[in-house]
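Subject: Structure handover

Hello,

Here is the structure I said I would pass on. My notes follow below it.

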Amino acid sequence: KNLTDVKDVKNLLNKKLSVVICAERVKELQSKKGRLMCFIQGSDDTGKITFTIFPNEYEKIKLLDIKKQDVIVGFGKAEKRFNDYNIIIERIKKLN
């Protein structure tokens, strides 16, 4: 598949893309409805980005047990929230 560098995400807002990052911070929290979701902050050689994983997807992904320093590829839609870019994750895969 075509991989996108983090620095190029800003030019591809609302498009589907795949990005490989090294996870630097994995934060699990409860949604407003009390279901678990997750944010993964990470980077590649070109910049930093956050993967946002909502509850429905997180239920499937949780078993991957993603931790800091894991290399992962995320597929989803690029979005901008405030001044930060993130990817709303549909699928994720651990590469290490």
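A definition first: two strands count as paired if DSSP finds at least two bridges between them. Please keep in mind that this is a predicted model.

Strand 1 (residues 16-30) and strand 2 (residues 36-44) run antiparallel, and eight bridges join them. Within this pair, arginine 25 stands opposite glutamine 41 of strand 2.

**The largest pocket**

The largest pocket holds about 480 Å³ of space. Its lining consists of 20 residues. Nearest the centre lie Phe39, Thr50, Thr52, Asp84 and Asn86.

Which strands supply the lining of the largest pocket? Strand 1, strand 2, strand 3 (47-53), strand 4 and strand 5 (84-94) each supply at least two residues. Strand 2 gives the most, with five residues. By class, the lining has eight nonpolar, seven charged and five polar residues.

**The loop between helix 1 and strand 4**

Two residues are worth a look here. Aspartate 70 sits in the loop between helix 1 (55-61) and strand 4 (71-81). Is aspartate 70 buried or exposed? Its relative accessible area is 9%, and the cut-off for buried is under 20%, so aspartate 70 counts as buried. Leaving out residues up to four places away in sequence, aspartate 70 touches Ile21, Cys22, Ala23, Asp65, Lys94 and Asn96.

Glutamine 69 lies in that loop between helix 1 and strand 4 too. Its relative accessibility is 51%, and exposed means over 50%, so glutamine 69 counts as exposed.

**Positive phi**

Most residues other than glycine have a negative phi. Glutamine 69 has a positive phi, near 80°. Phenylalanine 82 also has a positive value, about 60°, although it is not a glycine. Where is phenylalanine 82? It is in the loop between strand 4 and strand 5. Phenylalanine 82 is exposed because its relative accessible area, 68%, is over 50%.

**In brief**

- Largest pocket: about 480 Å³, with 20 lining residues.
- Positive phi: glutamine 69 and phenylalanine 82.

Best wishes

Conventions:
Residues numbered from 1 in each chain as written. Predicted model: local features only at pLDDT ≥ 70, side-chain atom pairs only at ≥ 80, totals over all residues. Heavy atoms only, no water. Helix = DSSP H or I, 4+ residues; strand = E, 2+ residues; numbered from the N terminus. Buried < 20%, exposed > 50% of the residue type's maximum accessible area, 1.4 Å probe, protein only. Contact = heavy atoms within 4.5 Å. 1 Å grid on protein atoms, 1.4 Å probe; cavity = no way out; pocket = protein on both sides within 12 Å on 5 of 7 lines; lining within 4 Å. Points joined across faces, edges and corners; volume = space filled by probe spheres on them. Nonpolar A, V, L, I, M, F, W, Y, C, P; charged D, E, K, R; others polar.
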